[in-house]
Amino acid sequence: MDYGYQLLRHVVQQVFGNLGSAARITLVLIIIPIGILAATNPGILTGSSLQFDATTGQNDFSGVGLFGVLLALVAGVICWLWAAVAWHRFVLLEEYPSGLFPTWRGSNIGNYFGNSILIFLIMIAVGIAVGIVIGILITLVRSEALAILLGVGLVFGLSWVATRVGLILPAAAIGEKLRISESWKATAPVSGQIILPIFVLALASTILNQGIIALFGETTGIPTQFGVQQQVTLSAVGTILSLVVTWLQMLLNLALMTTLYGNLIEGRQLN
């Protein structure tokens, strides 16, 4: 059986087969920054606070409370790191939460944060280098279709690179050391096959979010000096569904890293 399909199936089974445990481990942590944002800037969740300035064609952020956004952002980073480490440890070490929150693992979370920054810097460096080449090609060819195609390719390429080096994240979560070069080498034999789960998960998320916008979103065309700009506002149900999709996407992305680490580093079999 194709490795990419096996990997995708294992990732989906890992999340949806443990959805109750996943909710116990991550849901409260994910709700905290959302709650802060809802209390301080409810319009951001629905899109109603992001208005277009018709005179400039730019977004008007005057209705956004900066302090609330910063507080939610800091809480979001901490809670995401906490939830990610807890999820990796649940899958790889069978570590279950004993209360409302998973166990706080300060050193592991700190290492996870450092490795996340390292991956982010690698993606920026690759993105700049490839972006320059794409910019030159677009300048020479001057094709809008080619620009869109190369832009989408760049996004998937960066996701592929992040996945190739991303095994350092579950390693940090369980207190193991793994270098970038070791992660890249470990994923080399399956570098082509991992494109399938990356593509399918991104496509599924995009389709679901677009479906939510189509069913629960209200699109308003606002004329500006740069043409008509479209603004989408979600209903309360649409906002909740969008957050659920974001949560599931987070779990599936974490499960992809966890599964690759378990299979390629620890030698576990795929289902």
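Predicted model: local features only at pLDDT ≥ 70, side-chain atom pairs only at ≥ 80, totals over all residues.
Student: Which helices are included in what covers the buried residues of α1?
Tutor: The buried residues of α1 are Tyr3, Gly4, Gln6, Leu7, Leu8, His10, Val11, Gln14 and Val15. Their cover includes the helices α2 (19–40), α4 (66–93), α9 (195–216) and α10 (236–265).

Student: Is α4 parallel, perpendicular or oblique to α10?
Tutor: The contact between these helices joins α4 residues, among them Trp80, Ala84 and Trp87, to α10 residues, including Met250, Leu251 and Tyr261. The two axes are 10 Å apart, and the helices pack at an angle of about 45°. That angle makes the arrangement of α4 relative to α10 oblique.

Student: Is the crossing of α4 and α10 left-handed or right-handed?
Tutor: His88, Val91 and Leu92 are also among the α4 residues that meet α10. Where α4 passes α10, the crossing is right-handed.

Student: Is histidine 88 buried or exposed?
Tutor: Histidine 88 lies in helix α4. Its relative accessibility is 0%, and residues under 20% fall in the buried class; histidine 88 therefore counts as buried.

Student: Which side chains are joined to that of histidine 88 by polar contacts of 2.9 Å and 2.7 Å?
Tutor: Beyond four places in sequence, histidine 88 touches residues that include Leu169, Pro170, Leu254 and Met257. The polar contact of 2.9 Å joins its side chain to that of tyrosine 112. The polar contact of 2.7 Å joins its side chain to that of threonine 258.

Student: How far apart in space are histidine 88 and threonine 258, C-alpha to C-alpha?
Tutor: In sequence, these two residues are separated by 170 residues. In space, their C-alpha atoms are separated by 6.1 Å.

Student: Is asparagine 108 buried or exposed?
Tutor: Asparagine 108 is placed in helix α5 (residues 106–141). Beyond four places in sequence, it touches Val85, Arg89, Ala172, Ala173, Ile174 and Gly175. With a relative accessibility of 10%, asparagine 108 counts as buried.

Technical notes. Residues numbered from 1 in each chain as written. Heavy atoms only, no water. Buried < 20%, exposed > 50% of the residue type's maximum accessible area, 1.4 Å probe, protein only. Helix = DSSP H or I, 4+ residues; strand = E, 2+ residues; numbered from the N terminus. Contact = heavy atoms within 4.5 Å. Axes fitted to C-alpha atoms, helices over the stretch in contact; angles between N-to-C directions. Parallel < 35°, antiparallel > 145°, perpendicular 65-115°, else oblique. Left-handed = near helix turned anticlockwise from the far one by under 90°. Polar contact = N/O pair within 3.5 Å; in protein donor to acceptor, adjacent residues only side chain to side chain.
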